[in-house]
Amino acid sequence: MKTLKRLSRLAVRASLVVATLALLFVAVVLVRSHRTFDAPYPELSASSDPAVIERGRYLAYGPAHCVNCHTANDEGEAVKAGKMIPLAGGHLFDLPFGRIYTNNLTPDPETGIGRYTDQELARVLRHGVRRDGRAAVPFMEAQNMSDEDLVAIISFLRSQEPVRRLVPDHDFNLLGKALTAFMFKPVGPSRPVLAETPLEGTAERGEYLATSVASCASCHTRRNMLTGRYEAAEFAGGFVFDLDEERVIVTPNLTPARVGRITTWDEEQFVGRFGAGVGIEGSHMPWRQFQKMSDADLRAIYRYLRSLDPVEADPGPSIQRRAELKQRKGNA
């Protein structure tokens, strides 16, 4: 009997210790989830030059495909059809760590970027630090964009007609708050930032577009969904997107390997594939936006991809059944 009482007391004490530690953890998460960061303000300002504004429009609705996220969910069909609708934000990403909303990028003074200076916009795009100093959710990958193109995008955003659309702030659950407290940090440039965009038609231009504008590597590389970090060689494919309840889309290998998709295409076929538009219905590839890319930019990307070191990693067919993919990974 004494032994049972002793065990019971130990169990109660252990429960109290666990509960206390849990409360302390929650308290720390709630405090740290509001932490702020320092980052420089790039000395960049919007231009009124029509050519600069048009370049920004081309980027936002073309290779940078800003329109895919900075529009409301019910505007999705218009976006998929390639319409150039206002970048008024409000898109909801309902994720395991919370409800994430995209910002209104029109110059409305109350609900859009009319509240921001050019330097504040440049800072969030290049360094991932919001106006209030908190880290932006690491979805955008514009950190390595050239000064020239960053100015073009800001100039275009300023030139839009303002749209009044109040977008809710992110609604993080406890997991999301823990991520913001301990994992989400500003992501700045990973290489020296170019002052000017590489010349049209060059492989350097292709590398810049594929890695710093169109973000081809972000989908055509297997990565950790919790941290966003790459788990395999860049451009080797294998990233998985939901298609329906039974099937997924697996991104192809874009290196010039024997199993690489790019190996089966010559330059004309590559350009033609983009001109053909959507292939797999429900694909996450922004085909309509990439269709707006110039032939010269598409050729530059092709030449860059052909210059990569081949990675013999076969992600399998583009459409796979979940059960088969799970078995495939288990046998790997």
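**View 1. Phe97 and Phe184 are both buried.** The model shown here is predicted. The ring centres of Phe97 and Phe184 lie 5.7 Å apart, and the ring planes meet at 75°. Edge-to-face pairs need planes over 60 degrees apart, so this pair counts as edge-to-face. How many aromatic pairs does a search of the whole structure find? The search finds 10.

**View 2. Six aromatic residues form one cluster.** The members are Trp265, Phe270, Phe274, Trp287, Phe290 and Tyr302. One of them, Trp287, also has a charged group over its ring. Which residue supplies that charged end? It is Arg273, and its charged end sits 4.0 Å from the centre of the Trp287 ring.

**View 3. Arg131 lies over the face of Tyr116.** The distance from Arg131 to the centre of the Tyr116 ring is 5.4 Å. A charge counts as sitting over a ring only within 6 Å of the ring centre and within 35 degrees of the ring normal.

**View 4. S1 and S2 form a hairpin.** The two strands have 2 residues between them. They run antiparallel, and 4 bridges join them. Phe93 stands opposite Ile100 in S2. S2 is also joined to strand S3 (residues 171–172). How many bridges make that join? There are 2, and S2 and S3 run antiparallel. Here Gly98 stands opposite Phe172 in S3. In general, the strands of a sheet pair through backbone hydrogen bonds, either parallel or antiparallel.

**View 5. Strands S4, S5 and S6 make an open sheet.** The order is S4-S5-S6, and the pairing is antiparallel. Which strands stand at the edges? They are strand S4 (240–242) and strand S6 (319–321). Each has a single partner strand, so one side of each is left without a neighbour in the sheet. From one strand to the next, the twist averages 40°. Now look at S4 and strand S5 (residues 247–250). They run antiparallel, with 3 bridges joining them. Val240 has Val250 in S5 as its bridge partner.

**View 6. Helices H4 and H5 pack together.** H4 covers residues 118–127, and H5 covers residues 147–159. Their axes are 11 Å apart, at an angle of about 125°. How does that angle classify the pair? Angles of 65 to 115 degrees count as roughly perpendicular, and those over 145 as roughly antiparallel. H4 and H5 are therefore oblique to each other. Is the crossing right-handed or left-handed? H4 passes H5 in a right-handed crossing.

**View 7. Thr117 is found in the loop between S2 and H4.** Is Thr117 buried, exposed or partly exposed? Its relative accessible area is 37%. Buried means under 20% and exposed means over 50%, so Thr117 is partly exposed. Thr71 is 46 residues from Thr117 along the chain. Their C-alpha atoms are separated by 22 Å.

**View 8. His65 and Ser215 both have a positive phi.** Most residues other than glycine have a negative phi. What is the phi of His65 near? It is near 40°. His65 has its place in the loop between helix H2 (50–61) and helix H3 (76–80). For Ser215, phi is near 55°. Ser215 is found in the loop between H7 and helix H8 (216–219). Its relative accessible area is 12%, so Ser215 is buried.

View 9. What share of the 332 residues is buried? Buried residues make up 44%. Among them are Phe97 and Phe184 from the opening view.

How values were computed:
Residues are numbered from 1 along each chain as its sequence is written. This is a predicted model: local features need pLDDT of at least 70, side-chain atom pairs count only at pLDDT 80 or more; totals for chains, interfaces and linings use all residues. Side-chain values use heavy atoms; hydrogens and water are left out. Rings of Phe, Tyr and Trp (its six-membered ring) pair if their centres lie within 6.5 Å; planes under 30 degrees apart count as stacked, over 60 as edge-to-face and the rest as tilted. Buried means under 20% relative accessible area, exposed over 50%, partly exposed in between (1.4 Å probe, protein chains only). Two strands pair if DSSP finds at least two bridges between them. Axes are lines fitted to C-alpha atoms, for helices over the stretch in contact, and angles run from 0 to 180 degrees between N-to-C directions. Angles under 35 degrees count as roughly parallel, over 145 as roughly antiparallel, 65 to 115 as roughly perpendicular and the rest as oblique. A crossing is left-handed if the near helix is turned anticlockwise from the far one by less than a right angle, and right-handed if clockwise.
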